[in-house]
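Open the model in your viewer and keep the selection tool at hand. Each stop tells you what to select and what is there.

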Amino acid sequence: MTSLRTHGLTKAFGGVLAVDGAGVELRDGEINALIGPNGCGKTTFFNLITGMIRPDSGRVTYRGRDITGHSPHRVAHAGIGRTFQLCRVFPRLTVLENMLVAVRRTRLRELLAGLHDKGEVERARHWLGRMGIDHLERAEARHLSYGQQKLLELAAVLMAEPDLVLLDEPAGGVNPALIDRIVTLVRDLNAEGRTFLVVEHNMDMVMGMSDHVIVFDRGRPIAAGPPATVRNDPRVLEAYLGV
Ligand SMILES: Nc1ncnc2c1ncn2[C@@H]1O[C@H](COP(=O)(O)OP(=O)(O)O)[C@@H](O)[C@H]1O
Ligand SMILES: [Mg+2]
């Protein structure tokens, strides 16, 4: 079954065509990678899918339903979660509080007053445990390493139980041991039925982890296929080397 499909997706900033008629199709249950040189439109593509910005033209459908231009809240509700290239956690909230605001942003005051829902706290501890950071639940997020903050961000995204998870450079700025943990987590979460679209520059990680690799250049896909095929595609080398 088709998970996410975009058709002719386009977004310009001033004179810069950040995403230029991008058509992409993801199948349910696969780990997909989105690679391409800096500035080729990967993050903008994520922002268009998740409703952070509206496309100038084109469509986004998820499991056959049109979600073009829907608000981030509605997109999340449809089952799509995402992390950010520059990790976003609340630095002065504790790890556990970060998990709980993820599910109830509107009731921050209650959260801080200690009125936690027991079920939510249990689910938060479950995901923190899966990430291996449950021992840090009382620490303020700003005291975690950058890699641990990324794990926290992913754990918070999972609180909404997304079926499709978009990760924007999960290994960026993260030490090798934590990169291995992230790869294992993505594989496990995928084996449990979640679909992934991962923007990543670490080619060992991309080629070792993905079922399907999509290569962007100047705002649109120029190649796609299994890692072994994409790796040997001359267009991919050209895109990276600017030949
Ligand atoms: N908010 C914005 N305003 C103006 N230009 C932007 C904005 N966001 C991205 N761009 C431009 O759009 C292009 C694609 O950027 P981006 O999607 O961040 O690429 P990538 O994630 O592949 O590195 C770049 O030229 C970038 O400078
Ligand atoms: Mg980016």
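The tour goes from the domains to their interface, then to a strand residue and a helix.

**Before you start.** This is a predicted model, where local features need pLDDT of at least 70, side-chain atom pairs count only at pLDDT 80 or more, and totals for chains, interfaces and linings use all residues. Residues are numbered from 1 along each chain as its sequence is written, chains are lettered from A and ligands numbered from 1 in the order in which they are written, and side-chain values use heavy atoms, with hydrogens and water left out.

**Stop 1: the two domains.** Select 1-79 + 163-243 and colour it as domain 1; then select 88-161 as domain 2. These bounds come from an automatic or database domain assignment. Taken over C-alpha atoms, the domain centres lie 26 Å apart.

**Stop 2: the interface.** Show where the domains meet. In contact (heavy atoms within 4.5 Å) are 18 residues of domain 1 and 16 residues of domain 2. About 1,200 Å² is buried between them, and carbon and sulfur atoms give 63% of that area. Buried area is the accessible area (1.4 Å probe) that two parts lose on being put together, summed over both.

Now select Glu-192 and Arg-130. They form a salt bridge, with the closest N and O atoms 2.9 Å apart. The rule asks for a side-chain nitrogen of Lys or Arg within 4 Å of a carboxyl oxygen of Asp or Glu. It finds two salt bridges across the interface of domain 1 and domain 2.

Next, select β7 (164-168) and α7 (176-191). These elements give two or more residues to the side of domain 1 that touches domain 2. α7 gives the most, with six residues. Helices (H or I, at least four residues) and strands (E, at least two) are DSSP runs, numbered from the N terminus.

**Stop 3: Leu-26.** Go to strand β2 (residues 16-27) and pick Leu-26. Is Leu-26 buried or exposed? Its relative accessibility is 0%, so Leu-26 counts as buried. Buried means under 20% relative accessible area (1.4 Å probe, protein chains only). Show what Leu-26 touches beyond four places in sequence: Thr-2, Ser-3, Leu-4, Asn-32, Leu-164, Leu-197 and Ile-214.

**Stop 4: helix α1.** Select residues 42-49. Seven of the eight residues of α1 are buried, so this helix is largely enclosed by the rest of the structure. Among the buried ones are Phe-45, Phe-46 and Leu-48. Finish on Gly-51, which follows α1 and has a positive phi, near 80°.

Terms used. Buried < 20%, exposed > 50% of the residue type's maximum accessible area, 1.4 Å probe, protein only.
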